[in-house]
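Here are some notes to read alongside the model. Please keep the structure open while you go through the numbered points.

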Amino acid sequence: MTDVGLDDAHAQLRDLARRVFADRSPTTAIRALADDTLGFDPELWRTAAELGFTGLEIDEEHGGAGMSFREAAVVLDEMGRGLVPLPVLSSVVLGTGALLAAGSPAQQAEWLPAMAAGERRLAVAIGPDRHDVRVAGDRLHGSAPFVLDAHAADGLVVQAGGKLYLVPLPASGVTVTPAPMLDRTRRLADVAFDGAEVEPMPGSTDGASVVDWLLDRAAAALALDSHGGARRAMEISVEYAKERVQFDRPIGSFQAVKHKCADMLIAVETTRVAADAAARDVAPRPDGPRRWPSIAKAHATDAYAFVAGAGISVHGGIGFTWEHDMHLFVKRAKLDQALFGTPAFHRERYARLLLD
Amino acid sequence: MPHVDGPELDAFRHTYRAWLAEHVPPDWRAAEADDPVAVSRAWMRELDGGGYAAPGWPVEHGGMAASLAQQIVMFEENAAADAPPTGLFGIGLNHAGSTLIVHGTDEQREHLARIRRGDEIWCQGFSEPDAGSDLAALQTRAARDGDAYVVNGQKVWSSMAARADWCLLLVRTDPSAPKRKGISYLLLDLRTPGVTVRPLRQITGSAEFCEIFLDDVVIPVANRVGPENEGWRISQTTLSTERGPFFLASVHALRDRVRDGVELLRSTPGPDGRPLASDASVRQSFARDAGEVEILAELYSQVLDSQMRAGHAGPEASIIKLYYSEVLHRLTGHLVDAVGLAAEVDGATLVDHLGSWGMMIGGGTNEIQRNVIGERVLGLPREPR
């Protein structure tokens, strides 16, 4: 049992995703996108849409597959494994989630079919990252730094004063400035609002619970990304430890290396159960706090950073080179830790459930 | 914890619950203070009367051939009914039981009924001062003399040996053979002349395990399990029984420690006079540890589930003991650090923390566990031996 998810349908979805990402997004292709403005391959995005990956949770009436986060979890796990640069967390997990939970029937009818088809994307500005956005009338002012995939979005969902607002793009009064990133598999942008016109999302009148749910979805998605990436980084390192010979024997026979690999497996297996539990926890949207997303976000992203870092150590000098792929995992892990709340932020969030 | 319900299991649960309600002695805790061994023996006899003493054993040996799910149900019901403990019989029910059922002679299997009835407490005499992680290096010598072996040597880390009646003993019968080829497996009556059992005091202050000194101890050849010099193979049966719902109680106890930890942090003031539960750094480490306890429980529940489905555990099983002991170590260590001097005076938290080293060593040190995970799960090459 080395995978997230349970049944045969999940296994088929996993095989499909793994094959497509391996064929169409090898690390050579990912490296070629490093200096690309868009940062992902629009052809691969189209393929993902044709395979249904962009509409898994959207109901059939709006052109989706009518499934749940459990299925999205399988795709997110495989994207982590392949370091795949696609705007799935921003648009498919959060944009779709915001529309499903808070969009008006008209907003849903306008956006969801186009999002299921991969024709439109949303970016979502929520989370603890120093957003300073105010609404006056139907106008938005202020700034939101570090918005995932805002550079490639057809609209923004913005949290202001505990409620969510929709801003179609491009719009006057909105400036999107891509931020320079060390992880080249994802893109963040700073967004400035200067009197941009916004539409309220009516389902967010009870704003806190929708935003909490979206934050939990982001946490679960990043835990799944961390599991996929950590497992792959461990596999690459263990293979190397079996082949690399020093002192006349494979370095994996030495306890210093073997024990590091054993610790990597513990990190990966504990990450698997935490990420899987988080995916189960956010699949429905019951009221009340969920403990698993924050437990999983903190544990899984730390575990990923540990595993990828240990992967460099196992490889030695070759692991420190630009040509070797291990730094791609390290950089993705460091961004997974920081995105949508650091491990410390999520531990404090869980501490409130435990101690207060 | 694993999903254990369904109509048949529910019926089983209700039957067992009703039986417990009638048979758990109401005053056993008072009696335990005087004589815990007597309470435990009496409870085994009671369980055996109901047919519940050895759930995992085959029916022909007085067991229930209970499924893992049923054993989990019994564990839960025992806890809910506050039934007396049966831990003293753990080695008898698990290690001795499984070994004798698979490898024992008819005469040796007569022990099974006595274990079930609470008449025999067993311990294990495997490790020696110079054979710990390297168990096959054991040197306790058994020299053949007609229908008996004459045994000389020393065993150590034998849990509960001071209260035990019998011992599973590994001895060397062929000193000229390679390490694993010269070992035999004997059953030792601890009342035999020449046996001295000395409790070893642990860093926690209590003395659960013992040294066993063997000085010209005569053991009948009829007490040998399996052929001469085949003891190493047979010992693998004994050691493989540390599975099943073995860790269920430990995982439950760890969750209780988290609950107790919440109370401790709420009720202990920090340097600024406010409760430790409001201290930012304490909250960070406690949330991390409590999260890991939840992850451990989830992982263990999956191990039990896959055992229930497949009949054997997957690779996750090998990391349970390692992860459990280290989570326990971190949780208790951080609580001790948080409360400061109060840990010295209160004692319980610090004793728990001290005890966690035992968990990291017993049942194969965590360093050995990492070798096992590296070699048997990840397929890394063996170290030179």
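1. In what order do the four strands of the open sheet in chain A run, and is their pairing parallel or antiparallel? This is a predicted model, and in it the order is β2-β3-β7-β6 of chain A, with antiparallel pairing. The edges of the sheet are formed by β2 (132-136) and β6 (174-178) of chain A, each of which pairs on one side only, and from one strand to the next the twist averages 15°.

2. To follow one pairing in detail, look at β2(A) and β3(A), the latter covering residues 139-148, which are joined in the antiparallel sense over five bridges. Within this pair, Val133(A) has Gly142(A) of β3(A) opposite to it.

3. Chain A is split into domain 1 (8-116), domain 2 (122-204) and domain 3 (207-355). Between the C-alpha centres of domain 2 and domain 3 of chain A there are 28 Å, and the contact draws 15 residues from domain 2 of chain A and 15 residues from domain 3 of chain A. On the domain 2 side of this contact in chain A, six residues are nonpolar, six are polar and three are charged.

4. The largest nonpolar core holds 161 residues, and those touching the most other members are Ala278(A), Ala296(A) and Val307(A). Helix α7 of chain A, residues 207-243, gives the most to this core, namely 18 residues. Leaving aside residues up to four places away in sequence, Val307(A) touches Ala230(A), Ala233(A), Met234(A), Met264(A), Ala267(A) and Val268(A).

Key:
Residues are numbered from 1 along each chain as its sequence is written. Chains are lettered from A and ligands numbered from 1 in the order in which they are written. This is a predicted model: local features need pLDDT of at least 70, side-chain atom pairs count only at pLDDT 80 or more; totals for chains, interfaces and linings use all residues. A nonpolar core is a set of buried Ala, Val, Leu, Ile, Met, Phe, Trp, Tyr and Cys residues joined through C-beta atoms within 7 Å. A residue is buried if 20 or more other C-beta atoms lie within 10 Å of its own, exposed if 12 or fewer, and partly exposed in between; C-beta atoms are placed from the backbone. Helices (H or I, at least four residues) and strands (E, at least two) are DSSP runs, numbered from the N terminus. Two residues are in contact if their C-beta atoms, placed from the backbone, lie within 7 Å. Two strands pair if DSSP finds at least two bridges between them. Axes are lines fitted to C-alpha atoms, for helices over the stretch in contact, and angles run from 0 to 180 degrees between N-to-C directions. Domain bounds come from an automatic or database domain assignment. Ala, Val, Leu, Ile, Met, Phe, Trp, Tyr, Cys and Pro count as nonpolar, Asp, Glu, Lys and Arg as charged, and the others, Gly among them, as polar.
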